[in-house]
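Dear colleague,

Please find below the structure that I am handing over to you. My notes on it follow directly after it.

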Amino acid sequence: MLKARNLESYYGPIAAIRGVSLEAQTGKISVILGANGAGKTTVLKTISGSIEPQKGKISYKEIDITNIEADATARMGIAHVPEGREVFPFLNVEENLLLGAFPRKDPHVKKDLETVYEYFPVLKQRSLQQAALLSGGQQQMLAIGRGLMLRPEIMLLDEPSLGLSPRLVSEIATIIKRLNQERQLTILLVEQNAKLALDIGDYGYVMEAGRIVMEENCERLKQSTDIKEFYLGIKDKGQRGRRRWKQRKTWR
Amino acid sequence: MEIIQLLISGMSQGCVYGLIALGFVLIYKATEMVNFAQGDLMMLGAFLSYTFVSVLNFPFMLGIIAAIGSMAAIGAITERLAIRPMIGEPHFSVLMVTIGLGFIFRAASGFIWGSEPKTLDTPYAGQILKINNIIIGYENIVILMATILLCASLVLFFRFTTTGKAMQAASQNQLAAMYVGISVRKINTLVWAVSASVSAAAGILIAPVSLIDPQMGFIGIKAFAAAIVGGFGSLPGAIIGGLIIGIAEQFAGLYLPSGFSEVTAYIILLIVLIARPHGIFTSMHIKKV
């Protein structure tokens, strides 16, 4: 559904991503893993169009969207749920959600609002409250719900677990999985929480310093020693009962 | 009786300040820049209404609607040509552009209409309403009514229309607005159009009270003070700030030594800035992580 080839984006003179190629397959959850500053968010921003890539090509349903602005890609059905709960603070929850359907002209908006409330019952209870007064987790739900209101074909999710309690993290993970299964929503998920990402993802990319260093089926990624060691924190005891101190990643 | 009369003329003057302040605030909220040509947009609106009504002999209401409509267009064109290319430039440069725009508007209107003051022929000119001993000029009543009407329609527009909601959204969180598919550029152009037409309305309202000349835009500075007093970024605050300054000016003119009425606006501004640095009405949102 969505293909990016050889993307390069810069913040001023600094290259944030260099030569990233990836694909989000229809109906699948693709995940991008990586540490702070690996360029994960930049990849999503480049795809949705809030950053223009210096090089490379992005195609969405065979249409070239490389230089299309973020508001236009949203109208084409790409919902970008940005990192850090970017809600409209002084509007109430319902207004926030309805704005998610801003570009839509069809009459099913009301129905979709009910569906979002069904996924996130908390939002229904608070529908008339200002978004600024919601808790962090609720704001995150609101951001995802607002993305759903677009009736997107693909959703770009940027760190939905950031700053949430463990219970909320697993709740959000369940909902992402449900969205994927019940509505065949294609998802491109960016996460630092490797366990969450590998548990719900189908196909995974690992990013480091602006490059994709590994891509594999999520099941197989979980088995990889590098991922275990550096992302999941599962440590090998070593042959003499001590860790080898010179452990290196195989891609280095 | 004197007090009531002062209050009414102060309120009507204050409404005009408030409307121009509203123009400042609208643009500030949407684009986070201060448009120092706001007073000059008001002046252009007054001149256009003069042209339509007194020169081209349009019926009064039609002439005013035409003037406001053309100011909306001028606002939109100004944004498109002068402001949009400045996106991403430092605030200071954008500010200089708006100051420059003010000079251009003033020079252009001097060139077109001459520097001699003009008067707008209104159907209500010179009429007065007398209740007991209070004498109120019709133009003051018109100013008050028109301001209430204008504010009410703005409130309705922001509350109940999709475009109004989208404007609020874009001013609260530009990035998120883009991600839901709102074209922030179009919204900014629209905001300039709305702001210019609100200022034009202010110019038309004040035209029968003061005269129309290219320098009349300088009351924009007092309106700027009003916007700060009200808490820059608050729409009701802009009107309230205008009213405070307008009323205080009238009282200072009568009860304080001459010269005070000219500086009252700035004295109030200083007091408010010392006592409540964010203005009287503020809508601050500090993002929590």
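Which residue is the bridge partner of A:Ala4 in strand 4 of chain A? The partner is A:Ile58. The setting of that pair is given below, after two remarks on conventions.

This is a predicted model, in which local features need pLDDT of at least 70, side-chain atom pairs count only at pLDDT 80 or more, and totals for chains, interfaces and linings use all residues. Residues are numbered from 1 along each chain as its sequence is written, while chains are lettered from A and ligands numbered from 1 in the order in which they are written.

Sheets of chain A

Helices (H or I, at least four residues) and strands (E, at least two) are DSSP runs, numbered from the N terminus. Two strands pair if DSSP finds at least two bridges between them.

In chain A, four strands form an open sheet in the order 2-1-4-5, with antiparallel pairing. Strand 2 (14-24) and strand 5 are at its edges; each has a single partner strand, so one side of each is left without a neighbour in the sheet. Within this sheet, strand 1 (residues 2-11) and strand 4 (residues 55-60) of chain A are paired in the antiparallel sense over five bridges.

Helix 1 (residues 40-48) of chain A lies across strand 1, strand 2 and strand 4, and runs at about 110 degrees to strand 1. Axes are lines fitted to C-alpha atoms, for helices over the stretch in contact, and angles run from 0 to 180 degrees between N-to-C directions. Two residues are in contact if their C-beta atoms, placed from the backbone, lie within 7 Å.

A further open sheet of chain A has six strands in the order 6-7-8-3-9-10, with mixed pairing. Its edges are strand 6 (78-81) and strand 10 (211-217), each with a single partner strand, so one side of each is left without a neighbour in the sheet. From one strand to the next, the twist averages 15 degrees. Strand 6 runs parallel to strand 7 (residues 154-158) of chain A, and four bridges join them. In that pairing, A:Ala79 stands opposite A:Met155.

Helices of chain B

Helix 1 (residues 2-31) and helix 9 (residues 219-229) of chain B pack at an angle of about 70 degrees, with their axes 8 Å apart. That makes the two helices roughly perpendicular (the class for 65 to 115 degrees). Helix 1 contributes B:Tyr17, B:Gly18, B:Ile20, B:Ala21, B:Phe24 and B:Val25 to the contact, and helix 9 contributes B:Gly220, B:Lys222, B:Ala223, B:Phe224, B:Ala226 and B:Ala227.

The 23 residues of helix 4 (residues 91-113) of chain B should span 33 Å at 1.5 Å a residue, and the end C-alpha atoms are 33 Å apart, which agrees. The expected span is 1.5 Å times one less than the number of residues. Among the buried residues of helix 4 are B:Val94, B:Leu101, B:Phe105 and B:Trp113. A residue is buried if 20 or more other C-beta atoms lie within 10 Å of its own, exposed if 12 or fewer, and partly exposed in between, with C-beta atoms placed from the backbone. The buried residues of helix 4 pack against helix 2 (38-55) and helix 3 (60-83) of chain B. Just after helix 4, B:Gly114 takes a positive phi of about 80 degrees.

Helix 10 (residues 235-255) of chain B has 21 residues, of which 15 are buried.

Two residues of chain B loops also deserve mention. B:Glu32, in the loop between helix 1 and helix 2, has a positive phi of about 55 degrees although it is not a glycine. B:Glu32 counts as exposed, with 12 C-beta neighbours inside 10 Å. B:Asn57, in the loop between helix 2 and helix 3, has a positive phi near 55 degrees and is likewise not a glycine. B:Asn57 counts as exposed, with 9 C-beta neighbours inside 10 Å.

Contact between the chains

The contact takes 19 residues from chain B and 24 residues from chain A. Helix 6 (162-172) and helix 7 (174-179) are the elements of chain B that give two or more residues to its side. Helix 6 gives the most, with six residues.

With kind regards

Definitions and conventions. Parallel < 35°, antiparallel > 145°, perpendicular 65-115°, else oblique.
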